[in-house]
Amino acid sequence: MERVVFDLPFPEAELPVLTEAAQWHRRWLVDSGLLDNQAAVDRVMSWAPHRCAAHFHPYARGPELLLATDFYGWMMAADGQFDGPLTDRPDQVRLLIRRHVAILEANGRSPLTPAEKAFTDVWERLIEGMSPAWRTRAGACFTRFLQSYIEEADNRRNEAILRPESYLDLRIRTGATDIIMMLAERINDCELPRRVAGHDTVRRLCHLSAQVIDVVQDVLSLDKEVADGDPHNIVLVLCRHHGWETRQAVDHCRTMVQDWTGSFVVLQRSLPAVRAELGLSDTEWARLCRYADALRACMRGNHDWCSESPRYAPDAGQGRPYVGYLEGLARAYALPGSGLPSDRGGR
């Protein structure tokens, strides 16, 4: 499919110099144990997780930029494993997810696998300095994200037919978009009080942002997912549900995104009414304004990174046709005696 461009009403960000972030992340992939050879590291770095972090969070600098880079690199590695070798093994996925959720709940055993150690490192850096209420919200977001891999695996095994509405609900969880918004709070020093985060207008802004990010990403990753045989894509769901051709479904996606971004702009203009209703202090108001701007940056950054990264090319080296494509990743996710796939590339 020819390249699709979305007309987003948000400006393109100017990215900082990313040499240090790229070098840091290359070392982190090895030191964390996720990857253990140069070819695998080169492949992940070709997807530019450091540029992904900078596009989504253009104001991030120093440790915050490094944290965001490691988060996106970890998420790409997790996607590559759960959408690849473990794609239709829900029982094995459940085992791994339970262990990761135990880390969030701080009641698991000491991490045994490199994947768990890498996840623990990202999680502990993410919650450092944040309030207990924020940590609870973030933990719930991560739990929903991790458990969505089980649902996807069940869908693939059962060849589930997804409706557009139910798919978009699942996509918010599988895309980790609510985690990305929590990361925006953390990186931009704009943690929202519970009464602000739970306000209908703020929740609507978050939901609109998530839908824009997920649908744009699905459209721009369509060729890869068709090549992978992955049914989890809004374009494919719309085609099956309505009997549409690909172009008609893509045009519908562009219209949805245009409507959602227009609604976002209108809602953002109404935030002074939220300030008055909740009696926000100057500090709380400044944080809410930064947060709304951060959501705009996430929507635009998602579009720009997806458009430039080779991760979504049909031959990007992930998904079902590429079982064992990252040597060491399967071992990183394997538990002793679990029967999970090794890095030999077999099923």
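User: How does one find where empty space is left in a structure?

Analyst: In general, a probe the size of a water molecule is rolled over the atoms, and this shows where space remains empty. In this predicted model, the largest pocket has a volume of about 570 Å³.

User: Which residues lie nearest the centre of the largest pocket?

Analyst: They are C141, R144, D178, R203 and C206, out of 21 residues that line the largest pocket.

User: Which helices each supply at least two residues of that lining, and how do the residues of the lining divide?

Analyst: The helices are α7 (132-158), α8 (164-174), α9 (177-187), α10 (194-197) and α11 (200-220). By class, the lining of the largest pocket holds 10 nonpolar, 3 polar and 8 charged residues.

User: How many cavities of 30 Å³ or more are there?

Analyst: The count is 2. The largest cavity has a volume of about 400 Å³. It is lined by 26 residues, and D79, R171, Q217, R311 and Y312 are the closest to its centre.

User: Which helix gives the largest share of the lining of the largest cavity?

Analyst: That helix is α4, with 4 residues. Helices that each supply at least two residues of this lining include α3 (49-56), α4 (62-82) and α12 (222-228). The lining of the largest cavity divides into 10 nonpolar, 5 polar and 11 charged residues.

User: How are two packed helices described?

Analyst: The description uses the angle between the axes and the distance between the axes. Here, α8 and α11 have axes 10 Å apart and pack at an angle of about 95°. Angles of 65 to 115 degrees count as roughly perpendicular, and therefore α8 is roughly perpendicular to α11.

User: Which residues of α8 and α11 meet?

Analyst: From α8, Y167, L168, R171 and I172 take part, and they meet H207, A210, D214, V215, Q217 and D218 of α11. This contact of α8 with α11 comprises 5 nonpolar, 2 polar and 3 charged residues.

User: At what angle do the axes of α9 and α16 cross?

Analyst: The axes of α9 and α16 (residues 282-308) cross at roughly 130° and come within 10 Å. The angle makes α9 oblique to α16. The crossing of α9 and α16 is right-handed. On the α9 side, the contact is made by I180, M181, A184 and E185, and on the α16 side by Y291, A294, L295 and C298. Among the residues of the contact of α9 with α16, 7 are nonpolar, none is polar and 1 is charged.

Methods: Residues are numbered from 1 along each chain as its sequence is written. This is a predicted model: local features need pLDDT of at least 70, side-chain atom pairs count only at pLDDT 80 or more; totals for chains, interfaces and linings use all residues. Side-chain values use heavy atoms; hydrogens and water are left out. On a 1 Å grid over the protein atoms alone, a cavity is a set of points where a 1.4 Å probe fits but cannot get out, and a pocket is an open set with protein on both sides within 12 Å along at least five of seven lines; lining residues have an atom within 4 Å of a point. Grid points are joined across faces, edges and corners, and a volume is the space filled by probe spheres set on the points. Ala, Val, Leu, Ile, Met, Phe, Trp, Tyr, Cys and Pro count as nonpolar, Asp, Glu, Lys and Arg as charged, and the others, Gly among them, as polar. Axes are lines fitted to C-alpha atoms, for helices over the stretch in contact, and angles run from 0 to 180 degrees between N-to-C directions. Angles under 35 degrees count as roughly parallel, over 145 as roughly antiparallel, 65 to 115 as roughly perpendicular and the rest as oblique. A crossing is left-handed if the near helix is turned anticlockwise from the far one by less than a right angle, and right-handed if clockwise. Contact means heavy atoms within 4.5 Å.
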